[in-house]
Amino acid sequence: MGGQRQIRPGKVYQTMTTLMNHRIFPTVKVQQPIWYKVVESIPPAEILTRPFPPQHKKQNPKTRRPSRLFQPQPLVYEEDELRTTFYKDHPWELARPRMIIEMDGKDSRRYDWSKGLIQPGMPLCGESVVQRQLWMMHNVPDITKEQAYDIVRREFYALRQEEEVERRIAKEEAQMVGAYFGKSFSQVGMQLEDEQFEKWKKWAGKQIDAVQTEQDAAYTNFEAEDVDVDNIDLDEIVEPVAEEVPVQK
């Protein structure tokens, strides 16, 4: 090395730039890699020692060598606990379709959670409950996390009930003018479950018949003989036994 360090990761950007500018076929355009702009803005480190990551929580003073010292620590936000509590109580909310498309990345700045759960451009979901509860915890005096959760949860139930009523009325109105709706997801699921149950009943019946046939075949060679208990001569049974027993002197 000649006393000079060679930091090869730091030359990735320069090497790729050289390859893109000096091409064998000048008319052929070389596609720029996806990571090119990222490496340009955030170049790799040129030091051989691993940097100590920022600590988001206090270390235990009793541990001299904490495990995973150089690994990044997990980021924990206040909303995480609220979100976990809500989806633990309402797991089926995760099955609802979500819209995650944002217009300019600043949609959250246009939301005013002091006005309620309904926000412009954002459908009602569990995240509305979390943000509304968080706003109440920080802005309503003398309110606990549980009290804010109960208040927001009642508002959420009322809005969900309104949506269900509107959906049913719209379906009834459409049926009155001749619209036809197929089976719901619950009906399709029950139909598939019934079909599988009927298949299982046929399979179970065949298995029971096979086991019964094997049991009948096992006892065909061991037929019980008819014995008349009233005509048994006990002397014929006792005499052979008496001859076998030795006489004690």
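The largest pocket is lined by 19 residues, and Glu102, Asp107, Tyr111, Gly121 and Met122 are the ones nearest its centre. A pocket here is an open set of points on a 1 Å grid where a 1.4 Å probe fits, with protein on both sides within 12 Å along at least five of seven lines, and lining residues have an atom within 4 Å of a point. Bear in mind that this is a predicted model, where local features need pLDDT of at least 70, side-chain atom pairs count only at pLDDT 80 or more, and totals for chains, interfaces and linings use all residues. Residues are numbered from 1 along each chain as its sequence is written, and side-chain values use heavy atoms, leaving out hydrogens and water.

Back to that pocket: its volume is about 480 Å³. Its lining has 10 nonpolar, 4 polar and 5 charged residues.

Now for the second largest pocket, at about 410 Å³. Here the lining has 6 charged, 3 polar and 2 nonpolar residues, with Arg96, Glu164, Arg167, Arg168 and Lys171 among them. Helices H5 (145-176) and H6 (185-218) each supply at least two lining residues, and H5 gives the largest share, 4 residues.

Elsewhere, take a look at helices H3 (residues 78-89) and H4 (residues 126-139), which pack at about 130° with their axes 9 Å apart. On the H3 side, the contact (heavy atoms within 4.5 Å) includes Leu82 and Phe86, while Val130 and Leu134 are among the H4 residues.

Methods. Axes fitted to C-alpha atoms, helices over the stretch in contact; angles between N-to-C directions. Points joined across faces, edges and corners; volume = space filled by probe spheres on them. Nonpolar A, V, L, I, M, F, W, Y, C, P; charged D, E, K, R; others polar.
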